[in-house]
Amino acid sequence: MNWHGQPSGKRGRSQTFSDEAIQFCLSIKCLFNLPLRQAMGMAQSLLRLAGLHSPVPDYSTVSRRQKTLQVAIGATPTTTGLHLLVDSTGIKMLGEGEWKTKKHGADYRRQWRKVHLGIDASTLEIRAMEVTDNSIGDAPVLPALLDQIPADESIASVSGDGAYDTKDCHEAIALRAAHAIIPTRKNAKPWKANRCGADARNEILHTTRRLGRAIWKKWSGYHRRSLVETKIRCFKLLGERVMARDFDRQVAELQIRAAVLNRFTRLGTPVTVPVL
C-alpha cells in the first residue's frame, strides 16, 4: 500500500496522503465504531506497533477527503459465471432509538439510507453496491448494479425477490445474457414479447402456474437468495446507523463497510478440498 500521495499531473500541490491511507484510517473508524479523532489516534498507535513511522492524517483532513474518496472494494472475479444475488436494506441516518420512539413517541421523523447489494453466491463477496434515499425502490437500481460488473465477466444468473419483477429489470438481465431467477407477482399477467427478457419472464409465469410457486423455487435454486440476507445481517453488525451527515460522506462510509466485509470474507472462508 502506498501511504503517501503521488503527483497527479495537475496544477497545485500534490496530496500528502494517498486514497489508500485515507481508506485505512476510515476502516479503523468503521471497524471499531470510533469517533474520527479517536480513530486517528488508534491508527497512529497501530503504525507505531508495526514499527512504521509514517505520519497519520489529522481528523479534519480525513473528513474532507472522505467526501470525494474513491473507495476500493476488492473482490475476486469469477471465471465460471457469476451467480449474483441482489437485495436491499435500510440504514438509519437520523432519528431517536427504538425504545424512545415506542415509549414517548418520535419528536421528528426518522430518515434512512437504502443500501442495495449484489453478492457472489459462490464467494459471498459484495460485487455491486448502490446507496440511495428511502424513496427509491429496488427495481430501478438493478441496472446500475449490473453495470458495476465488468463487461468481460459473464453473469450466469441474477436472483432477486418479487420487487425486481419489472420489464426494465428483466431487460437489463437479458442484455447481460444472464438467467433471471425472480418470482412473478401473485396477480402477474403474461407480457408482450416486444422487449428483451419478456419470454424468459413469461416462462417463469407459466411454470409457476403449472407446477406451483414452491416447486419452482426449489427447482430454480431461488432459496439460495437467503445468502444475501445473511450478508445484510453482517453488514448491519458494523453499525445500525451512519455517522456522516452529508450524502457523499455517507456513501463512502457505507462503501468502507463493504470493503471490510469483503476482506473478512476472503480471510475467513474455508478452502474445502475432496478427500480421496
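Helices here are DSSP runs of H or I with at least four residues, and strands are E runs of at least two, numbered from the N terminus. By that count, α6 is followed by Ala 177, a residue with a positive phi near 55°. The model described below is a predicted one.

**Overall layout**

The protein chain holds 10 helices and five strands. Its C-alpha atoms fill a box of roughly 65 × 60 × 50 Å along the principal axes. Of its 276 residues, 43% count as buried. The accessible surface comes to about 15800 Å², and carbon and sulfur atoms account for 55% of that area.

**Two domains**

The chain is divided into domain 1 (19-74 + 243-267) and domain 2 (82-235). Domain 1 is written as two stretches of sequence, 19-74 and 243-267. The centres of the two domains, taken over C-alpha atoms, are separated by 29 Å. Where they meet, 13 residues of domain 1 are in contact with 14 residues of domain 2.

**The nonpolar cores**

In soluble globular proteins, nonpolar side chains tend to be buried together. In this model, the largest nonpolar core has 38 residues. Ile 126, Met 129, Phe 235 and Leu 254 have the most contacts inside this core. At least two residues each come from α1, α2 (36-49), β1 (82-94), β2, β3, α9 (226-237) and α10 (247-268). The largest share, seven residues, is supplied by α10.

Leu 254 shows the packing at one point. Beyond its neighbours within four places in sequence, Leu 254 is in contact with Ile 91, Val 115, Met 129, Val 131, Phe 235 and Val 242. There is also a second, separate core of 19 residues, which includes Leu 82, Leu 145, Ala 172 and Ile 173.

**Helix α6 and its end**

The buried residues of α6 are Cys 169, His 170, Ala 172 and Ile 173. They fall within an arc of 160° seen down the helix axis, so they line one face of α6. An α-helix has 3.6 residues a turn, so residues three or four places apart point the same way. The cover over the buried residues of α6 includes α5 (142-147), β4 (155-159), β5 and α7 (198-211).

Past the helix, Ala 177 sits in the loop between α6 (167-175) and β5 (179-181). Most residues other than glycine have a negative phi. Ala 177 has a positive phi, near 55°. Leu 124 also has a positive phi, near 65°. Leu 124 is found in the loop between β2 (111-120) and β3 (126-133).

**Selected residues by exposure**

Buried means under 20% relative accessible area and exposed means over 50%, with partly exposed in between.

| Residue | Relative accessible area | Class |
|---|---|---|
| Asp 165 | 5% | buried |
| Leu 47 | 7% | buried |
| Ser 18 | 8% | buried |
| Leu 124 | 31% | partly exposed |
| Ala 177 | 67% | exposed |

Asp 165 lies in the loop between β4 and α6. Which backbone nitrogen does the side chain of Asp 165 reach? It is that of Arg 185, at 3.4 Å. Leaving aside neighbours within four places in sequence, Asp 165 is in contact with His 170, Ile 182, Pro 183, Thr 184, Arg 185, Trp 191 and Arg 201.

Leu 47 is found in helix α2. Apart from neighbours within four places in sequence, Leu 47 is in contact with Trp 3, Leu 52, Ser 54 and Val 56. Thr 68 is 21 residues from Leu 47 along the chain, and their C-alpha atoms are separated by 25 Å.

Ser 18 has its place in the segment before α1 (19-32). With neighbours within four places in sequence left aside, Ser 18 is in contact with Asn 2, Trp 3, His 4, Gly 5 and Arg 65.

Technical notes. Residues numbered from 1 in each chain as written. Predicted model: local features only at pLDDT ≥ 70, side-chain atom pairs only at ≥ 80, totals over all residues. Heavy atoms only, no water. Buried < 20%, exposed > 50% of the residue type's maximum accessible area, 1.4 Å probe, protein only. Contact = heavy atoms within 4.5 Å. Core = buried A, V, L, I, M, F, W, Y, C linked by side-chain atoms within 4.5 Å. Arc of directions from axis to C-beta. Areas by Shrake-Rupley, 256 points an atom, 1.4 Å probe, with all protein chains shown as cover. Polar contact = N/O pair within 3.5 Å; in protein donor to acceptor, adjacent residues only side chain to side chain. Domains from an automatic or database assignment.
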